[in-house]
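Hi everyone, thanks for making time this morning. Please have a look at the chain on the screen, and I'll talk you through how its parts pack.

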Amino acid sequence: AMHARMGVASRRQRHASLLHAAGLLAAVCSTSFVMWLPGHGDVGARSWQSSRQLKVALSATADTFDPWSVLGISPEADQAEARKAYKKLIAKYHPDVDPSPEAEAKFQKIVRAHAVVTGEDKELDTTTLLSNAVENIRNDMEFKKAQVAQLKEEARQAEEDIKTMEASLKTAEVKRDQVSSELGLFGGGALGLLVAGPTGFVVGAILGLTLSKRDDSVGQVIRGTGTVAKGAINAVGQAVNNAQN
């Protein structure tokens, strides 16, 4: 019942559009005739302008509908394929599933497309429908090409970002290893010095270099001690420089 009501409404709307277009066409023909009448110079100029405006309006009301683009099938598809596509789209855009105005407009086009393919709707001749299909497919292709171009540009930019991130990663890894080794040297040496005196300093420094990159508590203790020891050494060095100046 819903399909029938929507089909009737759709046909009434198309009838109104056709009548409006016919009226515009008649106006275009009459104004064009007046334009070429002898002794109608100014009137002809004004009529030519009116004719041009009416032609633009007539073009705007042209029915660009074609069932194949709506159903997403080839113009050579048979009724079984069209019926399959129709059922799939109806299930997606049915008002009970998607009550949005956009879905309703799509739903009406789907119903009309099925009616055209099955022969119920014969308001547009096959030549017009195929011409519409050519234009609609061409427009869809241009839109898809623009989308592909945009995606390619985004992919190119993403690749550039990845290259930048890879360079930053290498720099961060090198810096991390340098800092870990430095803190391990200071931390291990300081701990060795506390435990075994000057001899322990050398042994502790070597162990500190080995253990400084560990992520467990041992590595954390060595790096923490190294941070403190390095800070103390830097402070002493700064004090000596200040005293000499």
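Let's start at isoleucine 90. What is isoleucine 90 in contact with, once we leave aside its neighbours within four places in sequence? The partners are Phe107, Ile110 and Val111. Do keep in mind that this is a predicted model.

Take Phe107 from that list. Phenylalanine 107 sits in helix 5. Is phenylalanine 107 buried or exposed? Its relative accessibility is 0%, so phenylalanine 107 counts as buried; the cut-off for buried is under 20%. From C-alpha to C-alpha, phenylalanine 107 lies 8.9 Å from lysine 92, and the two are 15 residues apart in sequence.

Helix 4 packs against helix 5 at an angle of about 165°, and their axes are 10 Å apart. Anything over 145 degrees counts as roughly antiparallel, and therefore helix 4 is roughly antiparallel to helix 5. The crossing of helix 4 past helix 5 is left-handed. On the helix 4 side, the contact is made by Gln79, Ala82, Arg83, Tyr86, Leu89, Ile90 and Tyr93. Helix 5 answers with Ala103, Lys106, Phe107, Ile110, Val111, His114, Val117 and Thr118. Sorted by class, that contact has ten nonpolar, three polar and two charged residues.

The largest nonpolar core has 21 residues, and the ones that touch the most other members are Phe65, Leu71, Ile73, Ile90, Tyr93 and Ile110. Which helices each supply at least two residues of this core? They are helix 3 (67–71), helix 4 (79–93), helix 5 (101–118) and helix 6 (126–211). Helix 5 gives the most, with seven residues.

On to the other end of the chain, and another helix pair. Helix 6 and helix 7, which covers residues 217–244, pack at an angle of about 75° with axes 8 Å apart. The range for roughly perpendicular is 65 to 115 degrees, so helix 6 and helix 7 are roughly perpendicular to each other. From helix 6, the residues that meet helix 7 include Leu183, Gly184, Phe186, Gly187, Gly188 and Leu191. Among those they meet in helix 7 are Val218, Gly219, Ile222, Gly226, Ala229 and Ile233. This contact of helix 6 with helix 7 divides into nine nonpolar, nine polar and three charged residues.

Finally, let's step back to the whole chain. Of the 245 residues in the chain, 25% are buried. If we look at contacts between residues at least 6 apart in sequence, 62% of them join residues at least 24 apart.

That's my tour, and I'm happy to take questions.

Definitions and conventions. Residues numbered from 1 in each chain as written. Predicted model: local features only at pLDDT ≥ 70, side-chain atom pairs only at ≥ 80, totals over all residues. Heavy atoms only, no water. Core = buried A, V, L, I, M, F, W, Y, C linked by side-chain atoms within 4.5 Å. Buried < 20%, exposed > 50% of the residue type's maximum accessible area, 1.4 Å probe, protein only. Helix = DSSP H or I, 4+ residues; strand = E, 2+ residues; numbered from the N terminus. Contact = heavy atoms within 4.5 Å. Axes fitted to C-alpha atoms, helices over the stretch in contact; angles between N-to-C directions. Parallel < 35°, antiparallel > 145°, perpendicular 65-115°, else oblique. Left-handed = near helix turned anticlockwise from the far one by under 90°. Nonpolar A, V, L, I, M, F, W, Y, C, P; charged D, E, K, R; others polar.
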